[in-house]
Amino acid sequence: PEVISVRELAEKMGEDPNKLIADLISLGKFVTINQAIDFETVSKLVEKYGKVAKLEGAEEEEAILEAELEEAEDKPENLKPRPPVVTIMGHVDHGKTTLLDYIRNTKVAEREAGGITQHIGASIVEVDTSEGKKKITFLDTPGHEAFTAMRARGAQVTDIAVLVVAADDGVMPQTIEAINHAQAAGVPIIVAINKIDKPGANPDRVKQELTQHGLIPEDWGGTTIMVPVSAKTGEGVDELLEMISLQAELMELKANPDKKARGVVLEAKLDKQRGPVATLLVQSGTLKVGDPIVAGLYAGKIRAMFDDKGRSVKEAGPSMAVEVLGIEDVPLAGDKFYVVKDEKTARKIAEKRQELARESALEKEKRVSLEDLFAQI
Ligand code: GTP
Ligand code: MG
């Protein structure tokens, strides 16, 4: 729910509202000066200015605030390197799924005896690089939907976007859309020029076309890494993975694994046998079986956890994606989750959030009916 307009907040902080609007864009929120923003966004925004936001008379929010504060206070010595989280994007049929399948099949470290890899919306692969083995977390969710759903809720999950462009087809509408999404979110793009095994493939034409959209290849004096690949034969895929690892290294991605976990719901569903099942991406801290948790509007306690290969695991650190059981209902993709100190706190926060959600739904209804009323006059 929205708590304060950008204008009012700027006044309270003594800052230029335009500056706050720019900050909000960098947080993935596009708002005007008179638009109101939610508490979580306010918290993040003021954090940049070394301030802490408090909701008057809402002690239930305190636990979340605590989590936000913990995040703000991570000491450099507590930060450890974490794997990059990578989303594969691109136009329809340009080979996103095939590429991911190739990467998974050949690079999955330990394949199960049965060979059936359970689908959990994310794959963690281990890559041999010149600097040893490195993990990469790939999000399976269709790129655009993931970006849109996540960003609608202000969640940023991707560190790097791999843009797949078929060399026999070139830049298409969804290619451009993907570029825009990634750039708006401030996510670096690595281009995989795919299908180079095809007779009609023309990688140079793809580069030329991408140049018109602001992506200049490194070998033409620009800064965008572009790797020719074939998801079918596997040609170039090792180099692509190496480039992803290198890019990740440059970004010095770090998180504190030694605290209560927080992160984002990648997807969730109701399973007839198992009840609500959610795939969570841990962004900081370590998630453990038995942890009391709030995910979106719902409370829970982690009953069981499974990794991307369907194996039962006891804990999951930063950048790991796991399927969890034990949340009382089905949260939405893009919802944030937080481990809190006990189940009672989880329940209190969840109840408060549900109440707020109901109120804002009512507000919306009221507004709509008023508008309808005026429309009829
Ligand atoms: P959507 O999920 O529909 O957006 O498509 P996608 O981008 O996931 O493409 P997908 O992986 O389904 O590939 C589309 C078609 O291209 C399939 O028939 C693939 O077999 C084929 N394909 C993908 N990569 C390559 C490649 O490197 N070479 C050749 N020859 N065919 C490929
Ligand atoms: Mg696909």
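This is a predicted model: local features need pLDDT of at least 70, side-chain atom pairs count only at pLDDT 80 or more; totals for chains, interfaces and linings use all residues.
Let me begin with Ile244, which, if we leave aside its neighbours within four places in sequence, is in contact with Val86, Ile136, Phe138, Ile160, Val162 and Ile190, where contact means heavy atoms within 4.5 Å. Residues are numbered from 1 along each chain as its sequence is written, chains are lettered from A and ligands numbered from 1 in the order in which they are written, and side-chain values use heavy atoms, with hydrogens and water left out.

Ile244 is one of the residues with the most contacts inside the largest nonpolar core, which has 25 residues, and Leu99, Ile136, Phe138, Leu240 and Leu241 are also among them. A nonpolar core here is a set of buried Ala, Val, Leu, Ile, Met, Phe, Trp, Tyr and Cys residues joined through side-chain atoms within 4.5 Å; buried means under 20% relative accessible area, exposed means over 50%, and partly exposed lies in between, using a 1.4 Å probe and protein chains only. Which helix gives this core its largest share? That is H9, with 6 residues. In soluble globular proteins, nonpolar side chains tend to be buried together. There is also a second, separate core of 19 residues, which includes Ile124, Val265, Val322 and Ile327.

For the chain as a whole, there are 10 helices and 18 strands, taken as DSSP runs numbered from the N terminus, with helices being H or I of at least four residues and strands being E of at least two. Of the 377 residues, 49% count as buried.

Let us turn to the helix pairs. Helix H1, residues 6–13, packs with H2 at an angle of about 115°, with the axes 9 Å apart; these axes are lines fitted to C-alpha atoms, for helices over the stretch in contact, and the angles run from 0 to 180 degrees between N-to-C directions. In this pair Val6, Leu9, Ala10 and Met13 of H1 meet Pro17, Leu20, Ile21 and Leu24 of H2, and by class the contact has 8 nonpolar, no polar and no charged residues. For these classes, Ala, Val, Leu, Ile, Met, Phe, Trp, Tyr, Cys and Pro count as nonpolar, Asp, Glu, Lys and Arg as charged, and the others, Gly among them, as polar.

Helix H2, residues 17–26, also packs with helix H3, residues 39–48, at an angle of about 115° and with their axes 11 Å apart. H2 and H3 are therefore roughly perpendicular to each other, a term that covers 65 to 115 degrees, whereas angles under 35 degrees count as roughly parallel, over 145 as roughly antiparallel and the rest as oblique. Their contact is made by Leu20, Asp23, Leu24 and Ser26 of H2 and Thr41, Leu45 and Lys48 of H3, and by class it has 3 nonpolar, 2 polar and 2 charged residues.

Finally, two loops deserve a look. Most residues other than glycine have a negative phi, and most peptide bonds are trans. Glu252, in the loop between H9 and strand S10, has a positive phi near 45°, and Glu252 is exposed, with a relative accessible area of 57%. Is Ser319 buried or exposed? Ser319, in the loop between strands S16 and S17, has a positive phi of about 75°, and Ser319 is buried, with a relative accessible area of 2%.
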